[in-house]
Amino acid sequence: MCGRYTLHTDPSVLAELFGLSETPVLGARYNIAPTQPVAVVRLAANGAGREWALVQWGLIPSWSKDPAIGARMINARSETVVEKPSYRAAFRRRRCIAPADGFYEWARGEKRKQPIYITVRGGQPFGIAALWERWVGPDGSEIESCTLLTTEANELLSPIHD
């Protein structure tokens with residue numbers, strides 16, 4: 001499960017890495033938390049390449065009556081995402097990538113949890129697979145949101161988190 005992550009790479013590097021035609025305007029963030037706005041790369045609505053968007057972290061299904069559900073839907077298991085009604089439509093039509101420089105996991109200690117910062121060897125930015133959705137409220141207001149896809153931990157991470 002990813003509950004916090006960072007993104008501080010220069011935006012021009014991110015534009016090149018993710019094939020964006022425009023450089024995003026972003027500040028460095030070292031503690032990105034659920035329900036906050038997060039940067040994602042997705043296919044442009046007009047089908048002309050990729051675009052950068054800020055969406056709320058915590059997916060709100062389009063059919064949901066209450067947008068507060070998003071706070072509980074920050075991650076989705078890759079193995080079951082196609083089966084879950086909350087993610088099914090987004091999985092078919094609205095995939096995206098959440099750029100990151102690293103993420104935090106909490107290892108259980110004797111008395112408390114210890115945060116561990118995990119990065120790619122060499123410190124390069126990477127992409128976290130994600131799904132996005134657009135929710136329209138009764139008053140016509142719109143919220144775009146996302147969930148990050150997770151999977152079973154590899155041998156390096158399994159001692160920290162499953």
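Q: Leaving aside neighbours within four places in sequence, which residues is glycine 70 in contact with?
A: A contact here is a pair of heavy atoms within 4.5 Å. In this predicted model, glycine 70 is in contact with Gly58, Leu59 and Ile60 once the neighbours within four places in sequence are set aside.

Q: Where does glycine 70 lie, and is glycine 70 buried or exposed?
A: Buried means under 20% relative accessible area. Glycine 70 has a relative accessible area of 0%, so it counts as buried. The residue lies in the loop between S4 and strand S5 (75–77). Its C-alpha atom is separated by 8.5 Å from that of glutamine 56, a residue 14 places away along the chain.

Q: How many helices and strands are in the protein chain, and in what order do the elements run?
A: The protein chain has 2 helices and 10 strands. Read from the N terminus on, the order is β-α-β-β-β-β-α-β-β-β-β-β. The radius of gyration is 16 Å, close to the 15 Å that the globule rule gives for 162 residues, so the chain is as compact as a globular protein of that length. The C-alpha trace spans about 50 × 35 × 25 Å along its principal axes.

Q: What share of the residues counts as buried, and what share of the contacts with a separation of 6 or more comes from residues 24 or more positions apart?
A: Of the 162 residues, 41% count as buried. Residues 24 or more positions apart account for 59% of the contacts with a separation of 6 or more. As for the surface, the accessible area of the protein chain comes to about 9,600 Å², and 52% of this belongs to carbon and sulfur atoms.

Q: Which strands does S1 pair with, and in what sense?
A: Two strands pair if at least two bridges are found between them. S1 and strand S7 (residues 102–108) pair in the antiparallel sense over 3 bridges. One of the residues involved is arginine 4, whose bridge partner in S7 is tyrosine 104. S1 also runs antiparallel to strand S2 (residues 29–32), to which 2 bridges join it. Here tyrosine 5 has isoleucine 32 as its bridge partner in S2.

Q: How many aromatic pairs are there, and what is the geometry of tyrosine 5 and tryptophan 57?
A: Rings pair if their centres lie within 6.5 Å, and planes over 60 degrees apart count as edge-to-face. The count comes to 3 aromatic pairs. The rings of tyrosine 5 and tryptophan 57 have centres 5.3 Å apart and planes at 70 degrees, so this pair is edge-to-face. The pair links distant parts of the chain, with tyrosine 5 in strand S1 (residues 4–7) and tryptophan 57 in strand S4 (residues 50–57), 52 residues apart. Both tyrosine 5 and tryptophan 57 are buried.

Q: What kind of aromatic pair do tyrosine 104 and tryptophan 106 form?
A: Tyrosine 104 and tryptophan 106 form a tilted pair, with 6.4 Å centre to centre and 40 degrees between the planes. Ring pairs link Tyr104, Trp106 and Tyr117 into a cluster. Tryptophan 106 has a relative accessible area of 32%, so it is partly exposed.

Q: Which ring does the charged end of arginine 42 sit over, and which ring face does arginine 95 lie over?
A: The test uses both distance and direction: CZ of Arg must be within 6 Å of the ring centre and within 35 degrees of the ring normal. The charged end of arginine 42 sits over the ring of tryptophan 132, 4.1 Å from its centre. Arginine 95 lies over the face of phenylalanine 91, at 4.2 Å from the ring centre.

Technical notes: Residues are numbered from 1 along each chain as its sequence is written. This is a predicted model: local features need pLDDT of at least 70, side-chain atom pairs count only at pLDDT 80 or more; totals for chains, interfaces and linings use all residues. Side-chain values use heavy atoms; hydrogens and water are left out. Rings of Phe, Tyr and Trp (its six-membered ring) pair if their centres lie within 6.5 Å; planes under 30 degrees apart count as stacked, over 60 as edge-to-face and the rest as tilted. Helices (H or I, at least four residues) and strands (E, at least two) are DSSP runs, numbered from the N terminus. Buried means under 20% relative accessible area, exposed over 50%, partly exposed in between (1.4 Å probe, protein chains only). The radius of gyration is taken over C-alpha atoms; the globule rule is 2.2 Å times the number of residues to the power 0.38. Accessible areas come from the Shrake-Rupley method with a 1.4 Å probe; for residues, only the protein chains shown count as cover.
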